[in-house]
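This briefing is written for a reader who is meeting the structure for the first time. Please view the sequence and the model together with the points below.

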Amino acid sequence: MRWCRRMRDARGNAAIEFAILAPVLVLFILGIFETGRLYFVRGSMRYAINEAARYAMVFATAQNTAIEQRVRDNLIGIPAADVTATVTDQVIGGINYKQISLSYNFSSIVGSFLPWPSIALNTQTAVPIIP
């Protein structure tokens, strides 16, 4: 008799359902934030490399180290020490190019909660240099 009454008693069901679903919901929301942060970092990398490419086009005699520093100066939200920027000279079809590449290992802020490994982000561009 008592067992049947306890089975019909619905008190506490909401708390149990919340306890089951809350961790899933929190991980889902954290995943959304981390994905947004990933795209922000990627956009920041593209912005920095495009600004360095503009600098290389305007100042055709700029040294590669100055262009690399320009990349680091234009990074937003990324520690410049964690970024690898390289600039190389190329000649293709008689035209001089500056090949600018940038790489960064993106790691999740909430890595202990999310099963994301470090993600290698790479971007590059080639700029014709006309003296």
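Leu21 lies in helix H2, which spans residues 13-58; helices (H or I, at least four residues) and strands (E, at least two) are DSSP runs, numbered from the N terminus. The model is a predicted one, in which local features need pLDDT of at least 70 and side-chain atom pairs count only at pLDDT 80 or more, while totals for chains, interfaces and linings use all residues. Residues are numbered from 1 along each chain as its sequence is written, and side-chain values use heavy atoms, with hydrogens and water left out.

**Leu21**
- Leu21 counts as exposed because its relative accessibility is 56%, where exposed means over 50% relative accessible area, buried under 20% and partly exposed in between (1.4 Å probe, protein chains only).
- From C-alpha to C-alpha, Leu21 is 28 Å from Ile119, and the two are 98 residues apart in sequence.

**Helix H3**
- In helix H3 (residues 64-73), the buried residues are Asn64, Ile67, Glu68 and Val71.
- These residues are on the same side of H3 because they cover an arc of only 100° around the axis, the arc being that of the directions from the helix axis to the C-beta atoms.
- Exposed residues Thr65 and Asp73 are carried on the face of H3 turned away from its buried side.
- The buried residues of H3 pack against H2, strand E1 (83-92) and strand E2 (95-106), with contact meaning heavy atoms within 4.5 Å.

**The sheet**
- An open sheet is formed by 3 strands in the order E1-E2-E3, with antiparallel pairing; two strands pair if DSSP finds at least two bridges between them.
- E1 and strand E3 (119-129) are at the edges with a single partner strand each, so one side of each has no neighbour in the sheet.
- E1 and E2 pair in the antiparallel sense over 10 bridges.
- Val83 stands opposite Tyr104 in E2.
- H2 packs on the sheet and touches E2 and E3, its direction making about 20° with that of E3; axes are lines fitted to C-alpha atoms, for helices over the stretch in contact, and angles run from 0 to 180 degrees between N-to-C directions.

**The nonpolar core**
- The largest nonpolar core has 23 residues, of which Ile100, Leu102 and Tyr104 touch the most other members; such a core is a set of buried Ala, Val, Leu, Ile, Met, Phe, Trp, Tyr and Cys residues joined through side-chain atoms within 4.5 Å.
- H2 provides the largest share of this core, 8 residues.
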